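Biologist: I should like to learn how to read the features of a model such as this one. Please give the general idea each time, and then the case at hand.

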Amino acid sequence: MTDTLLLLVSDYGLLVITLATLLSCFALPMPSSLMMMAGGAFSASGDLVLWQVCVAAFCGAVAGDQIGYLMARHWGGDRLWARLRGRKASARLLEQAESLLHKRGGWAVYLTRWLFSPLGPYVNLIAGATRMSWPRFALADLLGEVTWVTIYVTLGYAFGSQIEELSDTLGNVIGALTAGMITFLLGRALWAQRRVAR
Amino acid sequence: MKRKFLLVGFALAAVLTAFFIVRAVMFMIFWMDPERGMHPVEPWMTPRYIARVYDIPREALQGILALAPGETPRVPLEKLAAQRGIGVEVLLEEIQALIDAQPPQ
């Protein structure tokens, strides 16, 4: 699977990198970080041009995020959210999520671009559905994607030789960080409930 | 009822965290091994990429790939092999032999 995708990168170049980062914004299982690293490695050997790889990856990622946000905002995501909020079962949880996003939405968007990247697609949808201010979303998104693209393309450029192993390593570190953060948040919610119950 | 969902979610997330930490540690051990060796040559690699990563002279590589001197297209080995009507394994083996023949640094 990864070999086929790497073959696509060496065969078709920039377009494949753009498509990979675009599709990864819709939670499709796409090793876009590996493909950005491949782009960096091919730039180091002179097959591709470094700045073009960065721009290609960046454009795909930002376009994908914006589509997710706008779809949720304008195609009924906001109405669905309002209806779920009206329900007793889900109201409190969603209210909490919304107030958290309202207070720290910029950081949530920025950090889910690269550090907790598996959550990115869902944060796009929630940001759109809760009508988070677009300039705020867009700014955090741009900065986050610049960070994401810079990290992986630079790593590919510098390492080159073992990008598959490097990508697997980082994938597991990011997985541990993301799952750890969710564990922490759920643990905190449980702790708060325990105190209320007393 | 809601607490039950939270507990199940918490347990699942904790198990996932442990799983990823174990995998990450396994990779750390791999990186710490100085004898880990190089990644084998693969069909997706291009002539320039191979020459740079495995540090072999371009001329020797061009000889194997039947490329003119100075010709290093951005074409993966798989496609180069297909253009010549041979299996990609043949090229992989020849390049690996060339890499193995390089003096160690």
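Modeller: Let us begin with contacts: a contact means heavy atoms within 4.5 Å. In chain A, 75% of the contacts with a separation of 6 or more are between residues 24 or more positions apart. This is a predicted model, in which local features need pLDDT of at least 70 and side-chain atom pairs count only at pLDDT 80 or more, while totals for chains, interfaces and linings use all residues. Residues are numbered from 1 along each chain as its sequence is written, chains are lettered from A and ligands numbered from 1 in the order in which they are written, and side-chain values use heavy atoms, with hydrogens and water left out.

Biologist: How many helices and strands are there in chain A?

Modeller: Helices (H or I, at least four residues) and strands (E, at least two) are DSSP runs, numbered from the N terminus. Chain A has nine helices and zero strands, giving the pattern α-α-α-α-α-α-α-α-α along the sequence. Its C-alpha atoms fill a box of roughly 60 × 35 × 25 Å along the principal axes.

Biologist: What should helix H4 of chain A span, at 1.5 Å a residue?

Modeller: The expected span of a helix is 1.5 Å times one less than its number of residues. Helix H4 of chain A (residues 50-74) has 25 residues and should therefore span 36 Å, which agrees with the 36 Å between its end C-alpha atoms. Just after H4(A), Gly76(A) takes a positive phi of about 95°.

Biologist: Which residue of chain A has a positive phi although it is not a glycine?

Modeller: One case is Ala27(A), with a phi of about 60°, in the loop between helix H2 (14-24) and H3 of chain A. For accessibility, buried means under 20% relative accessible area, exposed over 50%, and partly exposed in between (1.4 Å probe, protein chains only). Ala27(A) counts as partly exposed because its relative accessibility is 37%. In chain B, Asp55(B) has a positive phi near 55°; its loop joins helix H2 (47-53) and helix H3 (58-65) of chain B. At 46% relative accessible area, Asp55(B) is also partly exposed. Of the 198 residues of chain A, 48% count as buried.

Biologist: Which helix gives the most to the lining of the second largest pocket?

Modeller: That helix is H9(A), with 10 residues. This pocket has a volume of about 1,000 Å³, and 37 residues line it, with Met30(A), Ser33(A), Ser117(A), Pro118(A) and Ile174(A) closest to its centre.

Technical notes: 1 Å grid on protein atoms, 1.4 Å probe; cavity = no way out; pocket = protein on both sides within 12 Å on 5 of 7 lines; lining within 4 Å. Points joined across faces, edges and corners; volume = space filled by probe spheres on them.
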